[in-house]
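Hi,

Here is the structure I promised to pass on, with my notes below it. Have a look at the model first, then read on.

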Amino acid sequence: MKNCIFCAIAGKKKEAEILHENDKMVVIRDIRPSAPVHLLIIPKKHIDSVNELEESDKELVGEMVLLAKKMARERGIGSGYQLRVNVGKDGGQIIPHLHLHLLGGWKEDK
């Protein structure tokens, strides 16, 4: 999609600290974190939101979740974290490109 920041990051046209990359996805830190660990799992394929997912995207969505699990373990938060997908402006989605938020790192006071 034209002028999509996530497409530009995935296509290496916009600089970002890519923490993980494979042929289908990139993982970056959220620039406005709302948790000690706040990563974005972004598919390279442009899909505006969950509302535009097709049957053929099932495998991609599954891979996003599995990659989030891997990244949580690597960041030391594998014992507890949140996965969040915002859908549409009314649902808090700021960038119209499907992405999965991985949030964690909160520690209970002992």
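β1 and β2 run antiparallel and are joined by 3 bridges, where helices (H or I, at least four residues) and strands (E, at least two) are DSSP runs, numbered from the N terminus. The two strands form a hairpin with 3 residues between them. Within this pair, glutamate 21 has valine 26 in β2 as its bridge partner.

Before going further, a word on the source: this is a predicted model, in which local features need pLDDT of at least 70 and side-chain atom pairs count only at pLDDT 80 or more, while totals for chains, interfaces and linings use all residues. Residues are numbered from 1 along each chain as its sequence is written, and side-chain values use heavy atoms, with hydrogens and water left out.

On its other pairing, β2 is joined to β3 (residues 37-43) by 5 bridges, again antiparallel. Here arginine 29 stands opposite leucine 39 in β3. Strand β2 (residues 25-29) is largely enclosed by the rest of the structure, because 4 of its 5 residues are buried (buried means under 20% relative accessible area, exposed over 50%, partly exposed in between, with a 1.4 Å probe and protein chains only).

Now the whole sheet. It is open, has 5 strands in the order β1-β2-β3-β5-β4, and its pairing is antiparallel; two strands pair if DSSP finds at least two bridges between them. β1 (18-21) and β4 are the edge strands, each pairing on one side only. From one strand to the next the twist averages 20° (axes are lines fitted to C-alpha atoms, for helices over the stretch in contact, and angles run from 0 to 180 degrees between N-to-C directions). At the β4 end, 4 bridges join β4 to β5 in antiparallel fashion, and tyrosine 81 stands opposite glycine 104 in β5.

Next, the helix α2 (residues 58-74). Its 17 residues should span 24 Å at 1.5 Å a residue, and the end C-alpha atoms are 25 Å apart, which agrees; the expected span is 1.5 Å times one less than the number of residues. Leu60, Met64, Leu67, Ala68, Met71 and Ala72 are buried in α2. They lie on the same side of the helix, because they cover an arc of only 140° around the axis (the arc is that of the directions from the helix axis to the C-beta atoms). The buried residues of α2 pack against β1, β2, β3, β4 and β5. On the face turned away from that buried side, the exposed residues are Lys58, Glu59, Leu66 and Arg73. Just after α2, glycine 76 takes a positive phi of about 75°.

Which other residue has a positive phi, although it is not a glycine? Lysine 12 does, at about 65°. Lysine 12 lies in the loop between α1 (5-10) and β1, and counts as exposed because its relative accessibility is 52%.

Last, please look at histidine 97, in the loop between β4 (81-84) and β5 (100-104). Histidine 97 counts as buried because its relative accessibility is 0%. Its side chain makes a polar contact of 2.9 Å with that of histidine 46 (a pair of N or O atoms within 3.5 Å; within protein, one must be able to donate a hydrogen and the other to accept it, and residues adjacent in sequence count only if both atoms are side-chain atoms). Leaving aside residues up to four places away in sequence, histidine 97 touches residues including Cys4, Phe6, Cys7 and Ile42, contact meaning heavy atoms within 4.5 Å.

Best wishes
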